[in-house]
Every structure is written in structure tokens, then in C-alpha cells.
Amino acid sequence: MRLRKREVKDIQEVYGILARCQTVRVGINGDKYPYVVPVSFGLEVVDGKGALYFHCGKKGMKVELLKQNPFVCIEADVFYSYELLAKGIDTRYESVIGYGVCEEVFKEEKAHGLELLCTHCGYAGHPIDVCLGLPITSVYKVSIEEITGKRTLPEYWKQDGSGAPAFDE
């Protein structure tokens, strides 16, 4: 990371950023080009290790590419604003990038993944079994092996006295 002061070093804070995100983009290795798809997700962190769950149809490009290569990249961000500073225009945001292995899950873990997804989307306790699309829905789990976070929020920066962030080159 070029600007180290933007790096979020505490792993719980990194997962906190991810939990605040509404959508995750999953980067999958394609035949010629990477395939990036936005997904709704559920998140679980146990002993500092994250598992991200998403759902999709049982067929399609994403499913076929994951069968060929389960190694994925995830990206998520929270955009707050653009801000005019003394040194230019900057973006206020938090973001994460992670890498992991993606696999389809079944039975109890499928239900658990869907419960986490519903909770993250604001529908905690929604009965999964009443979903009419359940028979044609697959659930995938990304076991996160590496994850980093960064942010550009003034409350986390050293100030240079003028109120503008002190950019360390």
C-alpha cells in the first residue's frame, strides 16, 4: 500500500469495514478476462478468520468459472463523499480487498449462509424455508485467507494544522 497512513491494521476494524458494505464484488478467473460480479452477502468472523456467503442461481458463468478455479478476490467499499481540500479533491471512503477460496455449500451450511445474508441485508430472523427460489438457489462460501483495509477519513489522520490531511509521500 503506497500511503501507509490509510492502511487499517487492526483485523477487527477491517472486518468492521466489510460488515458496513452493502455489496461485495467477487473477482473470478475467467478464460481470457477476469469476471467481476457484485453480490449481496453475509459475513461471519470466527477467531479472526472471515467467511463470506453469497447466493446465486445454480447455473451461469459465475458457477462455471468457480468450478474451473475456486480462487477469488473480493472487493468492497463504503463511499462517504467527495471533499474539496487545500491540495485538491479527495474521496472519503473505506475499502477492503481480500483473497480466498470459494466453494458451494449445502444443507445446514447453506441455510446458515442464507441466514447470515438475510441478517446483513436487514432481515434477521426471516424464515429461509418460505423462499420460493430456494430449490433453484446455490450458496457459496468464500473462506478469506488474506484481507486488507484502507480508509480516507479525517478522524483517523494526523492533521497538518490547516485542517487538511497531512499527506505522507
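Is threonine 152 buried or exposed? Threonine 152 counts as buried, because its relative accessibility is 0%; buried means under 20% relative accessible area, exposed over 50%, and partly exposed in between (1.4 Å probe, protein chains only). The structure is a predicted model, in which local features need pLDDT of at least 70 and side-chain atom pairs count only at pLDDT 80 or more, while totals for chains, interfaces and linings use all residues. Residues are numbered from 1 along each chain as its sequence is written, and side-chain values use heavy atoms, with hydrogens and water left out.

**Overall architecture**

- The protein has three helices and eight strands; helices (H or I, at least four residues) and strands (E, at least two) are DSSP runs, numbered from the N terminus.
- Along the sequence, these elements follow the pattern β-α-β-β-β-β-α-β-β-α-β.
- Of the 169 residues in the protein, 38% are buried.

**Helix α1**

- Helix α1 spans residues 11–20, and its buried residues are Val14, Tyr15, Ile17 and Leu18.
- These residues lie on the same side of α1, because they cover an arc of only 150° around the axis; the arc is that of the directions from the helix axis to the C-beta atoms.
- An α-helix has 3.6 residues a turn, so residues three or four places apart point the same way.
- At the start of α1, the backbone nitrogen of glutamine 12 has a side-chain oxygen of aspartate 10 within 3.0 Å.

- Strand β6 (residues 71–85) pairs with strand β7 (residues 88–105) in the antiparallel sense, over 14 bridges; two strands pair if DSSP finds at least two bridges between them.
- The two strands β6 and β7 form a hairpin, with two residues between them.
- Within this pairing, cysteine 73 has tyrosine 99 of β7 as its bridge partner.
- Strand β7 is also joined to strand β8 (residues 137–151) by 12 bridges, and these two strands run antiparallel.
- Valine 101 has serine 143 of β8 as its bridge partner.

**Salt bridges**

- The whole structure holds nine salt bridges, each defined as a side-chain nitrogen of Lys or Arg within 4 Å of a carboxyl oxygen of Asp or Glu.
- One of them joins the side chains of glutamate 94 and arginine 20, at 2.9 Å from N to O.
- Glutamate 94 lies in strand β7 and arginine 20 in helix α1, so this pair ties together parts that are 74 residues apart in sequence.
- Glutamate 94 counts as buried at 2% relative accessibility, whereas arginine 20 is partly exposed, with a relative accessible area of 41%.
- Glu13, Arg20, Glu94 and Arg151 are linked in a network of salt bridges.
- Another salt bridge is formed by glutamate 75 and arginine 25, whose closest N and O atoms are 2.8 Å apart.
- This pair links distant parts of the chain, since glutamate 75 is in strand β6 and arginine 25 is in strand β2 (residues 24–28), 50 residues apart.
- Glutamate 75 is partly exposed at 22% relative accessibility, and arginine 25 is partly exposed with a relative accessible area of 27%.
- The side chains of glutamate 83 and arginine 92 also meet in a salt bridge, at 3.0 Å from N to O.
- Glutamate 83 is partly exposed, with a relative accessible area of 30%, while arginine 92 counts as buried at 3% relative accessibility.

**Nonpolar surface patch**

- Phe79, Tyr82, Leu84 and Ile89 form a nonpolar patch on the surface, with about 540 Å² of accessible area together.
- Patches are made of residues with over 30% relative accessible area and no salt bridge, like charges being joined within 9 Å and nonpolar side chains (Val, Leu, Ile, Met, Phe, Trp, Tyr) within 5 Å.
- Accessible areas come from the Shrake-Rupley method with a 1.4 Å probe, and for residues only the protein chains shown count as cover.
- Strand β6 gives the most to the patch, with three residues.
- Isoleucine 89 belongs to strand β7 and counts as exposed, at 66% relative accessibility.

**Buried polar residues**

- Serine 138 lies in strand β8 and counts as buried, at 2% relative accessibility.
- The side chains of serine 138 and glutamate 104 make a polar contact at 3.1 Å; a polar contact is a pair of N or O atoms within 3.5 Å, and within protein one must be able to donate a hydrogen and the other to accept it, while residues adjacent in sequence count only if both atoms are side-chain atoms.
- Threonine 152 is placed in the segment after β8, and its side chain reaches the backbone oxygen of threonine 91 at 2.4 Å.
- The C-alpha atoms of threonine 152 and serine 95 are separated by 9.3 Å, although the two residues are 57 residues apart along the chain.
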